[in-house]
Amino acid sequence: MNKLKKFENNLGFLNKNLKLNDLADEFSTNSLYLSKIVNAKKQKNFSNYLKDLRIEYAIELLKKNIHIRKYTIAAIAQEVGFKSAESFSKSFYKKTSIYPSVFIQKLEESGRNL
């Protein structure tokens, strides 16, 4: 758990090519054990764990950084570790019930950083 926390704090999840096996190797463990830990402690599979971390990071980034709001959805997706704008938008919507473009629009309409 300490290694997962450090991984999160160091924004390791932003690596769009990250795979369970890669992280397990980095942690000097096997992928089955790491998968079980993520499932048990985070209550989700590894893929959803990464997506959730990336979406949470994107939300904070968009709230705090007015410049990134000017990026395309594809560029924001790349910035937070997604391989495509489509997967980013779908994951964002699944987590927030709003698409990232609408979220950005609402932030801009509020006229302030949140």
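User: What pattern does the protein chain follow, read along the sequence?

Analyst: This is a predicted model. Read from one end of the sequence to the other, the protein chain follows α-α-α-α-α-α-α. That corresponds to seven helices and zero strands. Along its principal axes, the C-alpha trace spans about 45 × 20 × 20 Å.

User: How is a pair of packed helices described?

Analyst: Two packed helices are described by the angle between their axes and the distance between those axes. Take helix 4 (residues 46–64) and helix 7 (residues 100–110): their axes come within 10 Å and cross at roughly 30 degrees. Angles under 35 degrees count as roughly parallel, so helix 4 and helix 7 are roughly parallel to each other. The crossing of helix 4 with helix 7 is right-handed.

User: Which residues of helix 4 and helix 7 meet?

Analyst: From helix 4 come Ile59, Leu62 and Lys63, and from helix 7 come Phe103, Ile104 and Leu107. Sorted by class, this contact has five nonpolar residues, no polar ones and one charged residue.

User: Which residues touch the most other members of the largest nonpolar core?

Analyst: A nonpolar core is a set of buried nonpolar residues joined through side-chain atoms within 4.5 Å. Here the largest one has 16 residues, and Leu62, Phe88, Phe92 and Phe103 touch the most other members. At least two residues of this core come from each of helix 4, helix 5 (73–79), helix 6 (85–96) and helix 7. Helix 4 gives the most, with five residues.

User: What does Leu62 touch, leaving out residues up to four places away in sequence?

Analyst: Leu62 touches Ile68, Arg69, Ile76, Phe103, Ile104 and Leu107. There is also a second, separate core, of 14 residues; Leu23, Ala24, Leu34 and Leu53 are among them.

User: Is Asn10 buried or exposed?

Analyst: Residues over 50% relative accessible area count as exposed. Asn10 has 53% relative accessibility, and therefore counts as exposed. Asn10 lies in the loop between helix 1 (2–9) and helix 2 (20–26). Asn10 and Ile59 are 49 residues apart in sequence, and their C-alpha atoms are 17 Å apart in space. For the whole protein chain, buried residues make up 34% of the 114 residues.

User: How many of the contacts with a separation of 6 or more, as a percentage, are between residues 24 or more positions apart?

Analyst: Such pairs account for 56% of the contacts in the protein chain with a separation of 6 or more.

Methods:
Residues are numbered from 1 along each chain as its sequence is written. This is a predicted model: local features need pLDDT of at least 70, side-chain atom pairs count only at pLDDT 80 or more; totals for chains, interfaces and linings use all residues. Side-chain values use heavy atoms; hydrogens and water are left out. Axes are lines fitted to C-alpha atoms, for helices over the stretch in contact, and angles run from 0 to 180 degrees between N-to-C directions. Helices (H or I, at least four residues) and strands (E, at least two) are DSSP runs, numbered from the N terminus. Angles under 35 degrees count as roughly parallel, over 145 as roughly antiparallel, 65 to 115 as roughly perpendicular and the rest as oblique. A crossing is left-handed if the near helix is turned anticlockwise from the far one by less than a right angle, and right-handed if clockwise. Contact means heavy atoms within 4.5 Å. Ala, Val, Leu, Ile, Met, Phe, Trp, Tyr, Cys and Pro count as nonpolar, Asp, Glu, Lys and Arg as charged, and the others, Gly among them, as polar. Buried means under 20% relative accessible area, exposed over 50%, partly exposed in between (1.4 Å probe, protein chains only).
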